[in-house]
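Please keep the sequence and the 3D view at hand while going through the points.

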Amino acid sequence: MAGAAEERPLQIIATTSENGFEFNEENLSIVLDQVPDNTKVAVVSVVGGFRTGKSFLLSFFLRYLEYSRLNPGDPSEAWMRSKGERLAEGNTNAGVETSDATEHGFKWRGGTERQTTGIWMWSKPFLRPSAIEG
């Protein structure tokens with residue numbers, strides 16, 4: 001099971017060189033084993049065309065969710081700058097000077113070459129109270 005220091009993106013579905021797909025059941029189990037029984041689950045999914053910012057957006061979501069985990073009930077916009085003025089998490093562009101760039105977030109970069117393919121999940125689920133159920 002992934003610990004807090006080991007939180008990272010996990011590839012669940014990979015594309016193969018034969019234009020097929022490969023399911024990584026072990027990676028999915030790492031996530032699902034952390035969800036308590038009888039817990040309702042919502043999945044945030046980002047789908048879009050090639051090189052349209054999906055991984056960037058997911059890294060931005062992570063910043064919010066991680067800030068909310070550490071600061072429950074904080075309605076401020078402090079989460080947007082909680083790790084700096086720029087979103088570095090997952091950024092693999094040359095010259096980015098931060099460990100977050102390669103160690104935390106869904107990998108992304110500018111340019112024309114794709115960075116991620118397939119279906120990915122974060123290794124640790126974010127458990128949040130339901131506004132409806134309390």
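Which residue in E3 is the bridge partner of Gln11? The points below give the answer and place it in its setting.

1. **The partner of Gln11.** The model is a predicted one. In this model, Gln11 has Trp120 of E3 as its bridge partner. The two strands concerned, E1 and E3 (residues 119-122), run antiparallel and are joined by four bridges.

2. **The overall order of elements.** The protein chain contains three helices and three strands.

3. **Cover of E1.** Is strand E1 mostly covered or mostly open? It is mostly covered: of the seven residues in E1 (residues 9-15), five are buried. For the protein chain as a whole, 25% of the 134 residues count as buried.

4. **The hairpin and its turn.** E1 and E2 make up a hairpin, with five residues lying between the two strands. Asn19 belongs to the loop between E1 and E2. Its phi is near 60°, which is a positive value in a residue other than glycine. Asn19 is exposed, because its relative accessible area is 75% and the cut-off for that class is over 50%.

5. **A second residue with positive phi.** Arg51 likewise has a phi near 60°, and Arg51 is not a glycine. Where does Arg51 lie? Its place is in the loop between helix H1 (25-32) and helix H2 (54-70). The relative accessible area of Arg51 is 31%, so this residue is classed as partly exposed, a class that lies between the limits of 20% and 50%.

6. **Contacts and surface of the chain.** Consider the contacts between residues at least 6 apart in sequence: 51% of them join residues at least 24 apart. The protein chain exposes about 9,500 Å², and 53% of this area is supplied by carbon and sulfur atoms.

Note on methods:
Residues are numbered from 1 along each chain as its sequence is written. This is a predicted model: local features need pLDDT of at least 70, side-chain atom pairs count only at pLDDT 80 or more; totals for chains, interfaces and linings use all residues. Side-chain values use heavy atoms; hydrogens and water are left out. Buried means under 20% relative accessible area, exposed over 50%, partly exposed in between (1.4 Å probe, protein chains only). Contact means heavy atoms within 4.5 Å. Accessible areas come from the Shrake-Rupley method with a 1.4 Å probe; for residues, only the protein chains shown count as cover. Two strands pair if DSSP finds at least two bridges between them.
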